[in-house]
Amino acid sequence: MGIRLLFLLVLVLHNNIAKSSGLDDRLSDMGFVEVSTLGVEVELMYGRPDNFTGAVLYSDLSGAWLHPSAAKALGAAVKALEREAPGYKLLVKDAARPMSVQRKMFDAVKVTSKANYVANPAKGGGLHNYGLAVDITLLDPEGKEVSMGTPVDYLGKESRIDNEEVMVRAGTITADEMKNRRLLRKVMREGGFKTIRNEWWHFQMVSRAVARARYRLLDF
């Protein structure tokens, strides 16, 4: 009887350890918010091989998670979009990214020109590694991705946000695509997010310096 009870206790302990080792469980245990609960759609681009690395990076993550402060801001952006463009929705492509995934991502591109687009984990990573950044786009009322001139994760000058009017005049992107980008920026900024110049889809809550001083790095 004693041996059987010991066996059952070991089994329960093993199952609990296995459960807590999953990235979704780790993020949930930290109080992070899974963003599909906020009324957005989720399609993790690094859970499939058709991303800029050509590899599946999320083998142990199924949800898109954000730090509570970023999740609150995303919820505000959802409401702003409902006011600005009824029927449209936000589609999250990436959110919190543990450092174990960041290392895999950087290793996949570190000897290529794409390395400039990926935060080096040896230098502390980036805002995704704190759960304070989100890669996001728009869905139209029919559930189709809105054209933005480039796909999410396109690494090139066409993804910049600081010369869109020039690109429209040159025919690189259309006036409607610029309008769509500006709609996305408007609602995300209303929520409290900040932009970066190189990627129209990337939004973050704070600078790296602030994140390192005030937030916990997802170093697992």
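Contact, as the word is used here, means heavy atoms within 4.5 Å. By that criterion, and leaving aside neighbours within four places in sequence, Leu184 is in contact with Leu90, Ile136, Thr137, Leu138, Met148, Trp200 and Phe203. The structure is a predicted model, in which local features need pLDDT of at least 70 and side-chain atom pairs count only at pLDDT 80 or more, while totals for chains, interfaces and linings use all residues. Residues are numbered from 1 along each chain as its sequence is written, and side-chain values use heavy atoms, with hydrogens and water left out.

The overall architecture comes next. The protein contains 7 helices and 7 strands, where helices (H or I, at least four residues) and strands (E, at least two) are DSSP runs numbered from the N terminus. Along the sequence these elements follow the pattern α-α-β-β-β-α-β-α-β-α-α-β-β-α. Taken along the principal axes, the C-alpha atoms fill a box of roughly 80 × 45 × 35 Å. Among contacts with a separation of 6 or more, 73% join residues 24 or more positions apart. Of the 220 residues in the protein, 45% are buried; buried means under 20% relative accessible area, exposed over 50%, and partly exposed in between (1.4 Å probe, protein chains only).

A nonpolar core is a set of buried Ala, Val, Leu, Ile, Met, Phe, Trp, Tyr and Cys residues joined through side-chain atoms within 4.5 Å. The largest such core has 58 residues, of which Leu74, Leu90, Val92, Ile136, Leu184, Met188 and Phe193 touch the most other members. At least two residues of this core come from each of α2 (23-29), β3, α3 (68-84), β4 (89-94), α4 (99-109), β5 (133-139) and α6 (175-191). Helix α3 supplies the largest share of this core, 8 residues.

Helix α6 also holds Glu177. This residue counts as buried because its relative accessibility is 13%. Apart from neighbours within four places in sequence, Glu177 is in contact with Ser147, Met148 and Gly149. The C-alpha atoms of Glu177 and Phe52, which are 125 residues apart along the chain, are separated by 22 Å.

A pair of aromatic rings is described by the distance of the centres and the angle of the planes. Rings of Phe, Tyr and Trp (its six-membered ring) pair if their centres lie within 6.5 Å; planes under 30 degrees apart count as stacked, over 60 as edge-to-face and the rest as tilted. A search of the whole structure finds 3 aromatic pairs. The rings of Tyr46 and Phe52 have centres 6.2 Å apart and planes at 80°, so this pair is edge-to-face. Tyr46 and Tyr58 form another edge-to-face pair, with 6.2 Å centre to centre and 75° between the planes. Because Tyr46 and Tyr58 both lie in the loop between β2 (41-42) and β3 (65-66), their pair ties together parts that are 12 residues apart in sequence. Tyr46, Phe52 and Tyr58 form one aromatic cluster. Tyr46 is buried, with a relative accessible area of 2%, and Tyr58 counts as buried at 5% relative accessibility; Phe52 is buried as well.

The loop between β5 and α5 (164-170) contains Asp153. Most residues other than glycine have a negative phi, and most peptide bonds are trans. Phi of Asp153, however, is near 80°, a positive value in a residue other than glycine. Asp153 is buried, with a relative accessible area of 11%. Ile161 is found in the loop between β5 and α5 too, and at 15% relative accessibility Ile161 counts as buried. Not counting residues up to four places away in sequence, Ile161 touches Arg185, Thr195, Ile196, Arg197, Glu199 and Trp200.

Two of these partners, Ile196 and Glu199, are listed with Tyr117, His202 and Arg208 as the closest to the centre of the largest pocket among its 24 lining residues.

Methods: 1 Å grid on protein atoms, 1.4 Å probe; cavity = no way out; pocket = protein on both sides within 12 Å on 5 of 7 lines; lining within 4 Å.
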